[in-house]
Amino acid sequence: MSQSLSDKAKKHKVEYNNQYIKENYKRVSLTMPFEQYDKVKATSDTLNTSVNAFIKSAIDEKLENIAKQSK
């Protein structure tokens, strides 16, 4: 059974995205207690965002605050 063009295009897009991420992003593993994760998850759900986006936003905010204090 051969794949349809749509399936091949989807596979190519996934492969391209994975390669782009590999070349342009650093993957970071994060460990936290379950209770802290539950708070992060609940807050990100309230804000209609992913846990990943919430954590990245918190890091950006912290970096901005540090930069302001350094001036």
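**Side chains and confidence**

Mentor: Let me start with Lys41, which counts as partly exposed because its relative accessibility is 33%, where buried means under 20% relative accessible area, exposed over 50% and partly exposed in between, with a 1.4 Å probe and protein chains only.
Trainee: Which side chain does Lys41 meet in a salt bridge?
Mentor: The partner is Asp45, at 2.9 Å from N to O, a salt bridge being a side-chain nitrogen of Lys or Arg within 4 Å of a carboxyl oxygen of Asp or Glu. Asp45 and Lys41 both lie in helix H2, four residues apart, which is about one turn of the helix.
Trainee: And is Asp45 buried or partly exposed?
Mentor: Asp45 is partly exposed, because its relative accessibility is 39%.
Trainee: How many salt bridges are there in the whole structure?
Mentor: A search of the whole structure finds one.
Trainee: Switching topic, how far can I trust the model?
Mentor: This is a predicted model, in which local features need pLDDT of at least 70 and side-chain atom pairs count only at pLDDT 80 or more, while totals for chains, interfaces and linings use all residues. Residues are numbered from 1 along each chain as its sequence is written, and side-chain values use heavy atoms, leaving out hydrogens and water. The protein chain averages a pLDDT (the predictor's confidence in each residue, from 0 to 100) of 93, and 94% of the residues score at least 70.
Trainee: What about Tyr20, where does that lie?
Mentor: Tyr20 lies in helix H1, and is partly exposed because its relative accessible area is 41%.

Definitions and conventions: Helices (H or I, at least four residues) and strands (E, at least two) are DSSP runs, numbered from the N terminus.
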